[in-house]
Amino acid sequence: MFRNNDAAGLLKMFVRELPSPLFPVEYLPAFITLIEKTSKIKLQLQALHLLIMLLPDASRDAAKALLQFLKKVVANENKNKMTLWNVSMIVAPNLFIYKGKHANQEEMLAAATTAHVVRLLIKYQDILWMVPTFLITQVRKMNEAAMNNMKKQLMFDKGVRKLLRRKTMDRERPERTEVTTQHGKSDIPEGVIRVHAPLHSKVSMAIQPNNQTKAKDIVARFYCENRSASSEELKMPIQSLYEIGGNIGEHCLDPDAYMLDVYHANPQAEWVIKEKRSSIF
């Protein structure tokens, strides 16, 4: 007859004896520092965000599954007496494993700090396993700066070519006015987005988001439009709304992202509904 303690012990042993720790040994100083060097929760979460993104894919996915389970354990603390802090103290030594001659001593000295890290990971896992907003904002700014520099360089090169052409002319010629069109310009009015869904029978739709429109609402609208589709179309894989181009490369939007905010942040983007990749980053 197995007891709850037997299952808990087996889980801890399995995590501790993995060939490679879920949190690599070389990252341990960074995890410790983010707790000891700052007391501001916002800075701690930003640092955790970046460290999680550095984890190998397999470690990140396994850690996410484990933390989801631990969150359920804490949610039932009235029955199992396992509070958030109790779970964190028990699990931390099996996640943050020290190596070397003084491993046990180092592990004991860092016990409270690593337990605090686990507490943050369990409590804020819903946001920590998403690409951080501050990083997306930084990428947008970098891409916009690069595009502006490219436009300036193109304008400079065009001016130099014109100047050289003039100097080689035998006589003055009336300059012909060039008519240029803005790349990507369409007849869609401002504030309206054109969403493409190549896997649906209705592959494109113009939608005007309001202050309450979320990414999941747009995906749901396409599914609603295709309710009368064939059974093959209804068996499509899970899909998400992607923001492509403009000041970002490709960004899978959070289902609860407000579309008007995303549109204002990147009005030149294309919007595509396609299969969601398994990786979260």
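Leucine 128 sits in helix 9, where helices are DSSP runs of H or I with at least four residues, strands are runs of E with at least two, and both are numbered from the N terminus. With a relative accessibility of 0%, leucine 128 counts as buried; the word buried stands for under 20% relative accessible area, exposed for over 50%, and partly exposed for what lies in between, using a 1.4 Å probe and protein chains only. Leucine 45 is 83 residues away from leucine 128 in sequence, yet the two C-alpha atoms are 7.5 Å apart in space.

A word on where all this comes from: the model is predicted, so local features need pLDDT of at least 70 and side-chain atom pairs count only at pLDDT 80 or more, while totals for chains, interfaces and linings use all residues. Residues are numbered from 1 along each chain as its sequence is written, and side-chain values use heavy atoms, with hydrogens and water left out.

Now step back to the whole protein. It has 13 helices and 5 strands, and 32% of its 281 residues count as buried. Among the contacts with a separation of 6 or more, 65% join residues 24 or more positions apart; a contact means heavy atoms within 4.5 Å.

Leaving out residues up to four places away in sequence, leucine 11 touches Leu66 and Phe69. Leucine 11 counts as partly exposed, at 30% relative accessibility.

Threonine 113 belongs to helix 8, which spans residues 111-123. At 12% relative accessibility, threonine 113 is buried. Its contacts, again without residues up to four places away in sequence, are Ile32, Ile35 and Glu36.

Next, look for the aromatic rings. A pair of aromatic rings is described by the distance of the centres and the angle of the planes. The structure holds 3 aromatic pairs, where rings of Phe, Tyr and Trp (its six-membered ring) pair if their centres lie within 6.5 Å, and planes under 30 degrees apart count as stacked, over 60 as edge-to-face and the rest as tilted. Phenylalanine 23 and phenylalanine 31 have ring centres 5.3 Å apart and planes at 70°, so this pair is edge-to-face. Phenylalanine 23 also pairs with phenylalanine 96, and here the rings are stacked, at 5.0 Å centre to centre and 10° between the planes. Phenylalanine 23 lies in the loop between helix 1 (4-16) and helix 2 (28-36), and phenylalanine 96 in the loop between helix 6 (84-95) and helix 7 (103-109), so their pair ties together parts that are 73 residues apart in sequence. Ring pairs link Phe23, Phe31 and Phe96 into a cluster. Phenylalanine 23 is buried, with a relative accessible area of 1%, and phenylalanine 96 is buried too, at 2%.

Lysine 81 deserves a look for its backbone. Most residues other than glycine have a negative phi. Phi of lysine 81, however, is near 65°, a positive value. Lysine 81 is found in the loop between helix 5 (77-80) and helix 6, and it is exposed, with a relative accessible area of 61%.
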